[in-house]
Amino acid sequence: MIIQKLTSRSSSSTWAAQVVMSGHKNSKQTSIMTMMFLIIVALSSYPAVPAFSHSSTHIFQPPRSHNLLSLLSSCNPYIVDSFSEESSKSGLSDLLSGKWPHRESKDNISDCIQFVSPLLEDSYPPAVLEYEAQHHRFKPLLLYIPGFDGTILAPFLQFPSLGEEFDVRAMKIDNADRSTFVKLKERIVEYLLKECKGRSGGSNCDKVYLMGESFGGILSTEVAMELNKPKYKELIDLKGLVLVNPATSYLRSIVYELAPPIAAAKSSIPALEGAEYAFRLLTEVVPLFLGEQEHRFVQQLIGIILFKGLPPVVNNAQREAYMGRVAFAIPLRLKFMPKDTFRWRLKEWMEVGSSRFEDRLKALQVARHVKDTVDVDADTQATLKVSEELRTTIVVGELDAMPSVEVAERLSSEMFQNAHVHMVKGSGHISSCGGSLHLIELLREVFPEVNVSRCSGYESCNISEELHGLE
């Protein structure tokens, strides 16, 4: 019964598959237990959310009966092929250790990237009713681009209030994905073009806002540059950019000093390489994001556990229930990142993305001293346009180890001339977008056109930053 309750959400099968493909590489007993759990989940899964249809988003189908093989292949269809061959008897153990057949489909589009409506995925009632009535089509679109982990867990408490003004969408990237930085950018642009085409007919789809967190801040900035090229400008009207602890200065950070050596390290005992990687990751890198700087987050968490109160953005019964559903599902949604994935993302995402940003910044500084920009290349012209015109909100944690406060000062002085910086007191890297930030209220100030009713009747307006009591 407990398993049924935990797996009754619309993406239960996917969560279970993620658990199987987690990082318990060196424990055969753990792998067997995980497999047993997956089989139980597969048998007990049942639909709990009505199906919705949409022109270009396919996440609204309820879970159906899946066999074990289809669960394992939920991200990459090539996994099925590996089981059908006589020579792949070790395929299951490879899957459990994170060694998937990393390939791309024939049209070079990754099979492990999803664009979802997070509120609909978690059955948030106002979002369900809105989609049934098709009212979401008349809201501006806000696309959340995740950080290094590829999940959408960090800002989940913000989604309900953001949904008051936006049609909130989010990008999810599986550990099996091997898209390059450029491919990720192309995939986002392709999605936005497809989404806007599906909404043609007088709706507000052309009003698009991007929100990127950490690595997603680098990627969303690059997407913003791309969308300001002439070939896209008439198709998608990018109204604003929101950056949360953007990792644009990764190459200057302590993370750049610590993480790549861990990804490149070889063990003298091959069988222990996975364990050594996990130990160093948890003791050297993770503390940078879960250390003393997260004291306010820890205090709020303790208060919630002891039933003393709730985060200020969870200010009604529906949001309380939503928070509970997602919180109970976090252990199934969190995935331990395999070493191959860690190494790929450090090199192909963080390093390439940060280098590209630095190159754009240098080209921008040169272009600003050119009297006639006619001869300036298209990329630099797009960068100039974003720098001078795009309204940008930069949200940073006061105690972030990256450090994001310095990054925000650099971005607002050197890159974005129309920037608003907001510092979240007492927050580190992972909790800046947590319960103490009133993101929708901030965005209503920076982007007044989204505040349709000027806060009239909205429960997220003018609420305090402290825990409020349970009633």
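This is a predicted model: local features need pLDDT of at least 70, side-chain atom pairs count only at pLDDT 80 or more; totals for chains, interfaces and linings use all residues.
Guide: Two strands count as paired if DSSP finds at least two bridges between them.

Visitor: In which sense do S2 and S3 pair, and over how many bridges?

Guide: S2 and S3 are parallel, with four bridges between them. Ala 170 of S3 also has Val 116 opposite it. S1 and S3 are joined by four bridges as well, but these two strands run antiparallel.

Visitor: In what order do the strands of the sheet lie?

Guide: The order is S1-S3-S2-S4-S5-S6-S7, an open sheet of seven strands with mixed pairing. Strand S1 (113–116) and strand S7 (419–424) are the edge strands; each has a single partner, so one side of each lacks a neighbour in the sheet. On average, neighbouring strands are turned by 20 degrees against each other, direction ignored.

Visitor: How many bridges join S4 to S5, and which residue of S5 is the partner of Tyr 209?

Guide: Seven bridges join strand S4 (residues 207–213) to strand S5 (residues 237–244), in the parallel sense. The partner of Tyr 209 is Gly 240 in S5. S5 and S6 are also parallel, over five bridges, and Val 242 has Thr 393 in S6 as its bridge partner.

Visitor: Which helices lie across the strands?

Guide: Helix H11 (residues 215–227) lies across strand S2 (141–145), S4 and S5, at about 150 degrees to S4. Helix H20 (residues 404–415) lies across S5, strand S6 (391–397) and S7, and runs at about 160 degrees to S6.

Visitor: Which residues of helix H13 are buried, and which are exposed?

Guide: In helix H13 (residues 254–264), the buried residues are Val 255, Ala 259, Ile 262 and Ala 263. Viewed down the axis of H13, they fall within an arc of 95 degrees, so they line one face of the helix. Glu 257 and Ala 264, on the other side of H13, are exposed. The cover over the buried residues includes helix H14 (273–285), helix H15 (287–290) and helix H18 (339–367).

Visitor: What describes the packing of two helices, and what are the values for H13 and H14?

Guide: Two packed helices are described by the angle between their axes and the distance between those axes. For H13 and H14 the angle is about 175 degrees and the axes are 10 Å apart. Angles over 145 degrees count as roughly antiparallel, which makes H13 roughly antiparallel to H14. In this contact, Leu 258, Ala 259, Pro 261 and Ile 262 of H13 meet Tyr 277, Arg 280, Leu 281, Glu 284 and Val 285 of H14.

Visitor: Which ring pairs with Tyr 250, and in what arrangement?

Guide: Rings of Phe, Tyr and Trp pair if their centres lie within 6.5 Å, and planes over 60 degrees apart count as edge-to-face. The count by this rule is 12 aromatic pairs. Tyr 250 and Tyr 256 form one that is edge-to-face, at 5.2 Å centre to centre with 75 degrees between the planes. Tyr 250 is buried, at a relative accessible area of 0%, whereas Tyr 256, at 31% relative accessibility, counts as partly exposed. Elsewhere, ring pairs link Tyr 277 with Phe 148, Phe 336 and Phe 342 in a cluster. Tyr 277 is also among the H14 residues that meet H13.

Visitor: How many helices and strands does the protein have, and what share of its residues is buried?

Guide: The protein has 21 helices and seven strands, and 54% of its 471 residues count as buried. Among contacts with a separation of 6 or more, 79% are between residues 24 or more positions apart.

Methods:
Residues are numbered from 1 along each chain as its sequence is written. Side-chain values use heavy atoms; hydrogens and water are left out. Buried means under 20% relative accessible area, exposed over 50%, partly exposed in between (1.4 Å probe, protein chains only). The arc is that of the directions from the helix axis to the C-beta atoms. Contact means heavy atoms within 4.5 Å. Rings of Phe, Tyr and Trp (its six-membered ring) pair if their centres lie within 6.5 Å; planes under 30 degrees apart count as stacked, over 60 as edge-to-face and the rest as tilted. Axes are lines fitted to C-alpha atoms, for helices over the stretch in contact, and angles run from 0 to 180 degrees between N-to-C directions. Angles under 35 degrees count as roughly parallel, over 145 as roughly antiparallel, 65 to 115 as roughly perpendicular and the rest as oblique.
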